[in-house]
Amino acid sequence: MTQHATTRTPTRTTIEADEKVPVIRITRDFAASPAQLLRAHTDPELYARWVGPADLSTRIDHWDARDGGSWRFVNVRAGGDGAEEYAFRGCFHEVSPQRIVQTFTYEGMPEGVSLETLTFEDLGDGRTRLHAQSLVDSFEARDQWLASGMEGGVEDGYAKLDGLLADGSIADASIADASIGGGDHGAA
């Protein structure tokens with residue numbers, strides 16, 4: 001496997017490109033319970049606060065975190081000549097305490113759909129290892145994702161998530177309180 005490891009924060013994020021399958025694997029440990037990480041990935045208000053590069057804000061246009069639900073969000077970079085927007089969308093295929101399976105599409109490249117699986121490994125002592133796997137349709141597409149700057153966005157996002165966990169914004173709630181199946185959270 002080709003490995004792209006980032007070390008900008010005290011917690012290490014590992015990004016690996018499989019040499020035999022067009023897959024990107026991301027592994028990261030968090031000072032959080034599995035329920036907290038699940039909530040961070042399924043509650044649209046929380047998700048918008050941490051996902052993506054530090055210089056972008058996130059607007060949730062549609063969010064239905066349940067089996068068969070769909071989502072769409074837009075990353076926005078405000079600038080002197082107007083805002084740049086980058087839209088993403090997908091469908092949730094499975095949302096459970098153990099994992100999330102979803103599709104992921106950058107609308108700037110709508111033919112490039114990835115299948116993502118996130119699992120939450122309880123390490124004990126209030127720590128959880130997040131395993132994320134993105135399967136794309138070709139090695140070329142995988143390499144384009146890796147060259148796109150995704151590494152910086154992933155690391156920035158996880159640093160913001162660390163901050164939300166540290167400041168208590170993501171309480172350790174039961175699965176019933178994790179906003180799963182909470183319905184459509186569209187833009188007002």
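The structure holds 13 aromatic pairs, where rings of Phe, Tyr and Trp (its six-membered ring) pair if their centres lie within 6.5 Å, and planes under 30 degrees apart count as stacked, over 60 as edge-to-face and the rest as tilted. One of them joins Tyr-47 and Phe-73: the ring centres are 5.6 Å apart and the planes stand at 70°, so this pair is edge-to-face. It links distant parts of the chain, since Tyr-47 belongs to helix H2 (residues 44–50) and Phe-73 to strand E5 (residues 70–77), 26 residues apart. Helices (H or I, at least four residues) and strands (E, at least two) are DSSP runs, numbered from the N terminus.

Before I continue, a word on the source. This is a predicted model, in which local features need pLDDT of at least 70 and side-chain atom pairs count only at pLDDT 80 or more, while totals for chains, interfaces and linings use all residues. Residues are numbered from 1 along each chain as its sequence is written, and side-chain values use heavy atoms, with hydrogens and water left out.

Both Tyr-47 and Phe-73 are buried; buried means under 20% relative accessible area, exposed over 50%, and partly exposed in between, with a 1.4 Å probe and protein chains only. A second pair consists of Phe-88 and Tyr-106, whose ring centres are 5.3 Å apart with planes at 35°, so the pair is tilted. This pair also links distant parts of the chain, with Phe-88 in strand E6 (residues 84–95) and Tyr-106 in strand E7 (residues 99–106), 18 residues apart. Phe-88 is buried at a relative accessible area of 12%, whereas Tyr-106, at 25%, counts as partly exposed.

Over the ring of Phe-30 sits the charged end of Arg-28, 4.6 Å from the ring centre; the criterion is NZ of Lys or CZ of Arg within 6 Å of the ring centre and within 35 degrees of the ring normal.

Let me turn to the core. Which residues of the largest nonpolar core touch the most other members? Of its 35 residues, they are Ile-26, Phe-30, Leu-37, Trp-50, Trp-63, Phe-73 and Leu-161. Helix H4 (residues 150–166) gives the most to this core, with 6 residues. A nonpolar core here is a set of buried Ala, Val, Leu, Ile, Met, Phe, Trp, Tyr and Cys residues joined through side-chain atoms within 4.5 Å. In soluble globular proteins, nonpolar side chains tend to be buried together.

Leaving aside neighbours within four places in sequence, Trp-50 is in contact (heavy atoms within 4.5 Å) with Ala-40, His-41, Gly-157, Tyr-158, Lys-160, Leu-161 and Leu-164. Ala-40 and His-41 are among the buried residues of H1. In that helix (residues 34–42), 8 of the 9 residues are buried, so H1 is largely enclosed by the rest of the structure.

Helix H3 (residues 139–147) has Ala-141, Arg-142 and Leu-146 buried. Seen down the helix axis, these residues fall within an arc of 140°, so they line one face of H3; the arc is that of the directions from the axis to the C-beta atoms. The face turned away from that buried side carries the exposed residues Glu-140 and Ala-147. Just after H3, Gly-149 takes a positive phi of about 95°.

Most residues other than glycine have a negative phi. Asp-125 lies in the loop between strand E8 (113–124) and strand E9 (127–135). Is Asp-125 buried or exposed? It is exposed, with a relative accessible area of 84%.

Two further loop residues deserve mention. Arg-12, between strand E1 (2–6) and strand E2 (13–17), is partly exposed at 44% relative accessible area. Its C-alpha atom is separated by 8.4 Å from that of Thr-27, 15 residues apart along the chain. Arg-66, between strand E4 (57–63) and E5, is partly exposed at 38%. Arg-66 and Ser-96 are 30 residues apart in sequence and 8.5 Å apart in space, C-alpha to C-alpha.

I close with the overall picture. The protein has 4 helices and 9 strands, in the order β-β-β-α-α-β-β-β-β-β-β-α-α along the sequence. Of its 188 residues, 45% count as buried. Among contacts between residues at least 6 apart in sequence, 49% join residues at least 24 apart.
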